[in-house]
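User: Please take me through a few residues of this structure, one question at a time.

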Amino acid sequence: MTNKSLEICYDFPFFLQEELDEIFQAHEKTSFQKGDFILEEGKTANEYYILDSGLARSFVNDFNGNEVTTHFFVENEVIIEVLSMFQRIPSQENIVCITDCECWKLDYDTFQELFHKIPNLREWGRSWMSKELFDYKQRSVEMFTLSATRRYLNLLEQKSKVVQFAPLKQIASYLGVTDTSLSRIRKEIVSHPKKN
């Protein structure tokens, strides 16, 4: 593993090189196999990860006991359950590896130490959180304002690895459609690519 994913993730104009060096050194290389849980519902998150390679997803179980995918994590993204990590409460979500994953891990105590020591890390954190909030809001609105086909095409454009490796059922639940609807959408896209 290289530092490339760390460099991309912590790309923030105000970091000094020595600050970045200290932050990078605090991360520990770790790997998971396909099907491994990074975090399980009911447990408190004690670290976050930066995904160097692979694909992971978060999901909840709805009131009928069905898995509903809430997020897909692709390379160079932070794998985190924010509420559990920072409120120190048990997670309502599960985070699981769809493929083998190589990650950089930063534990909660080390993050807190660095957060208080490096003011630029606090600024990076605010910036990262703002972007996540914006993306979350955007996705919430798009669930109601965009057609299922458009939502699928957006996913294909933004995170093509998801469409390549995630099972149909997981993608369908993320998009808020049935497996059958998603199969139909995929067929329509293949047979009429210009229409979409």
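**Selected residues**

Analyst: With 45% relative accessibility, Glu28 counts as partly exposed, because that class lies between buried (under 20% relative accessible area) and exposed (over 50%), with a 1.4 Å probe and protein chains only. This is a predicted model, where local features need pLDDT of at least 70, side-chain atom pairs count only at pLDDT 80 or more, and totals for chains, interfaces and linings use all residues. Residues are numbered from 1 along each chain as its sequence is written, and side-chain values use heavy atoms, with hydrogens and water left out.

User: Which strand holds Glu28?

Analyst: Strands (E, at least two residues) and helices (H or I, at least four) are DSSP runs, numbered from the N terminus. Residues 28-32 form the run that includes Glu28, and this is strand 1.

User: Is Ser173 buried or exposed?

Analyst: Ser173 lies in helix 8, residues 168-175. Its relative accessibility is 18%, so Ser173 counts as buried.

User: Which residues does Ser173 touch, not counting those up to four places away in sequence?

Analyst: Contact means heavy atoms within 4.5 Å. With residues up to four places away in sequence left out, Ser173 touches Glu67, Val68 and Thr69.

User: What is the phi of Asn76?

Analyst: Most residues other than glycine have a negative phi. Asn76 is found in the loop between strand 5 (67-73) and strand 6 (78-79). Although Asn76 is not a glycine, its phi is positive, at about 75°.

User: Where is Arg88?

Analyst: Arg88, not a glycine, also has a positive phi, near 55°. Its place is in the loop between helix 3 (82-87) and strand 7 (94-97).
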